Amino acid sequence: MTRLQTLDTNLRAVLGASAELTEDRGELTLRVPADAWVETCRVLRDHASLRFESCVDLCGVDYSAWKAPTYAAGDAHPQRFAVVIHLLSVTHNWRLRVRVYATDDAFPVVASLVDIWPSVNWYEREAFDLYGVVFEGHPDLRRILTDYGFIGHPFRKDFPISGHVEMRYDPEQKRVVYQPVTIEPREVTPRIVREDHYGIERY
């Protein structure tokens with residue numbers, strides 16, 4: 001039995017019928033309901049046959065382009081926003097991807113995992129800043145990458161490429177001011193210049 005098969009077997013044995021597991025490209029992904037998010041993650045960390053001591057990454061995802069019913073049924077996602085974590089078991093030397101969907105597209109909320117893996121503190125702040133996912137129970141949920149007065153969440157699919165406002169220093173007012181974006185949207189087509197027979201090895 002391979003290491004991946006052993007992990008699959010252990011997950012199903014520990015989590016029971018509720019374990020929604022998929023395998024793709026040699027990696028396992030576990031889908032967890034929002035109401036069982038914290039408790040399932042605690043089991044993943046503490047159970048002797050799993051022992052995912054480390055959360056190496058957490059990120060938000062905007063599935064608006066792949067949400068049912070606008071996308072093919074087999075590939076659709078049930079909600080627009082999700083949170084994905086990547087776990088590492090140092091004890092067993094295996095990895096796992098875990099996904100939870102926020103149940104409300106208009107106001108996505110997911111429980112914080114700071115009490116389980118303190119390392120997710122800044123990751124959750126980043127997902128809040130860039131996607132607008134609110135992490136309930138987070139001790140200090142503030143923006144971490146954008147400016148204090150920033151409007152919107154720049155990694156959402158409906159966020160304009162040029163943003164909503166821009167900032168500049170005004171020498172008359174002697175301070176930074178915000179104003180509507182002055183950049184005109186344009187489509188840039190890259191120019192490719194290559195010699196004849198480019199990439200063909202010559203002997």
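Here is a short chat about a predicted protein model.

Q: What's the mean pLDDT of the protein?
A: The mean pLDDT (the predictor's confidence in each residue, from 0 to 100) is 88, and 88% of the residues reach 70 or more. As this is a predicted model, local features need pLDDT of at least 70, side-chain atom pairs count only at pLDDT 80 or more, and totals for chains, interfaces and linings use all residues. Residues are numbered from 1 along each chain as its sequence is written, and side-chain values use heavy atoms, with hydrogens and water left out.

Q: OK, new topic: is H138 buried or exposed?
A: H138 is buried (under 20% relative accessible area; exposed is over 50%, partly exposed in between, with a 1.4 Å probe and protein chains only), because its relative accessible area is 10%.

Q: And which residues does H138 touch?
A: Leaving out residues up to four places away in sequence, H138 touches S112, V114, N121, E124 and R125. Contact here means heavy atoms within 4.5 Å.

Q: How many salt bridges are there?
A: The count is ten. A salt bridge is a side-chain nitrogen of Lys or Arg within 4 Å of a carboxyl oxygen of Asp or Glu.

Q: Which residue does R80 pair with?
A: R80 forms a salt bridge with D158, with the closest N and O atoms 3.3 Å apart. That pair links distant parts of the chain, 78 residues apart.

Q: Is R80 buried or exposed? What about D158?
A: R80 counts as buried at 15% relative accessibility, whereas D158 is exposed at 56%.

Technical notes
Helices (H or I, at least four residues) and strands (E, at least two) are DSSP runs, numbered from the N terminus.
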